[in-house]
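Here is a brief report on one model. It takes up a single residue, then a whole chain.

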Amino acid sequence: MTNGIKRQIYYLIRNEAAVMNENEFWGLCEQNQTALEKMISCNDYTQKFGIRISREDAELLLEERKHTLKEQERIEFGEGILPKLLFTFCDSPYLYQDNYVDMIARLQEIFYLYKNESLDDVSDDELLTYMKEQFDGECQGSLEYLEETSLEAFARNIRKGTVYFMGRRHKGDFI
Amino acid sequence: MISFEIEELMPVFTKLTTKYTSNESSSVSYEKAKQLMEAILFCIQELERNNPVDDAVMDKNLSPEDCYQMGYQLVVKKVQSAMKRYHAISSQFKWYRNLALHDTILKGMPKFFQYYDPLFAPQDQILTLDYPTLVPVQELKGIDAIYQYLIYIEMEQQFLSNFSEEYVENALESYHPEHEELFVNIPSVVLQHLIYEQFQEELEEKIKEGRETLEVFLSGIIRVFVREKLQDDKLMYGYLKNSIKDFIFEISES
């Protein structure tokens with residue numbers, strides 16, 4: 001391995017900005033075009049619930065993803081979580097065409113935050129399922145309640161190592 | 001020399017990360033990403049370390065994935081070799097009531113083999129290796145550090161087997177009454193004891209003649225010992241010679 005490559009990777013690993021910083025590394029993981037097409041293709045399903053995402057909105061959400069990932073110090077690979085978020089929440093009674101993009105952007109923030117807060121001990125699907133249940137149920141469409149109450153309790157229990165959260169759940173345990 | 005652009009390593013990184021998350025997570029923390037990238041680099045560097053001048057490896061135009069996989073296999077083999085070496089050492093292991101040696105080898109090493117993760121964290125050494133060998137292994141990482149450390153311990157046990165347990169423990173007792181709790185290298189102490197015991201007068205003369213003369217004198221004693229008792233093992237001589245600088249330091253301090 002040349003000294004130049006070693007140095008680049010060193011800075012990458014040690015989180016220094018001299019040669020390659022986190023943005024550049026994140027950029028290498030980005031597959032924006034794939035993610036964009038995937039999000040547009042979600043319309044085939046979401047339009048049944050009166051929701052369609054435009055190319056501009058999809059690009060906006062991808063840009064939001066970049067900022068949120070940087071803020072939460074996470075790296076995403078593959079198609080990412082956005083398509084799953086669209087599929088999961090498109091049939092929510094609290095989402096409609098006018099508020100869809102803003103809500104999905106916030107849900108995305110909350111999702112990454114709680115992946116960190118749960119110490120990555122919960123899978124994407126488990127977290128999304130819980131978020132959807134709570135959002136449509138106890139939270140009655142309130143993102144604040146979802147973020148600051150429901151998920152706060154959820155993450156606390158995961159950190160405590162409660163067995164319920166290894167793929168099994170009990171209703172009412174976290175409210 | 002193996003050389004890849006960082007972009008070429010990304011597919012290897014993505015594949016390893018997907019495996020790490022069991023495909024159940026589309027993202028990982030920066031910290032975890034760094035750990036996994038370090039794991040990849042460690043394996044590729046393992047391949048380099050084991051093929052420093054092997055043109056056959058270079059000529060094959062191996063992909064980053066190939067280099068990583070080959071390096072990973074070398075890491076796994078090294079773990080297996082280390083485990084065999086450990087079993088051989090531990091079967092007749094003597095710790096001479098030195099707690100650091102006991103805890104590092106008899107308590108620590110089994111934990112290393114239990115918890116070492118060659119796939120997702122081959123660069124992690126896990127153990128602090130408190131018992132000091134004559135040559136430190138701090139610059140090595142992961143299984144490389146442990147493997148080399150076990151080689152040194154094996155050499156030390158072989159050297160010490162030329163003395164009775166009583167002799168070694170007396171040497172340690174003469175060195176310091178609380179030797180059991182000291183982080184001290186046992187062969188170093190035994191060699192010093194042997195030299196004081198058998199070459200006291202010559203030693204005192206050589207001390208007066210200066211450091212260089214003293215070094216040559218002490219090297220000569222070690223060389224004779226290795227030739228007569230240890231089949232003139234060059235590696236053993238090279239290893240034991242590292243005790244000289246500490247010996248000279250202690251003479252100068254006393």
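## A lysine and its surroundings

Leaving aside neighbours within four places in sequence, Lys132(A) is in contact with Thr88(A), Phe89(A), Asp91(A) and Ser92(A); contact means heavy atoms within 4.5 Å. This is a predicted model: local features need pLDDT of at least 70, side-chain atom pairs count only at pLDDT 80 or more, and totals for chains, interfaces and linings use all residues. Residues are numbered from 1 along each chain as its sequence is written, chains are lettered from A and ligands numbered from 1 in the order written, and side-chain values use heavy atoms, leaving out hydrogens and water.

Lys132(A) sits in helix α8 of chain A, residues 124–136. Helices are DSSP runs (H or I, at least four residues) and strands are E runs of at least two, numbered from the N terminus. Lys132(A) counts as buried because its relative accessibility is 14%; buried means under 20% relative accessible area (1.4 Å probe, protein chains only).

The side chain of Lys132(A) makes these polar contacts (N or O pairs within 3.5 Å; within protein, one atom must be able to donate a hydrogen and the other to accept it, and residues adjacent in sequence count only if both atoms are side-chain atoms).

| Side chain | Partner side chain | Polar contact |
|---|---|---|
| Lys132(A) | Asp91(A) | 2.8 Å |
| Lys132(A) | Asp136(A) | 2.9 Å |

Now chain B. Its secondary structure comes to eleven helices and one strand. From the N terminus, the elements of chain B run α-β-α-α-α-α-α-α-α-α-α-α. The C-alpha trace of chain B spans about 70 × 40 × 30 Å along its principal axes. Of the 254 residues of chain B, 48% count as buried.

Terms used:
Buried < 20%, exposed > 50% of the residue type's maximum accessible area, 1.4 Å probe, protein only.
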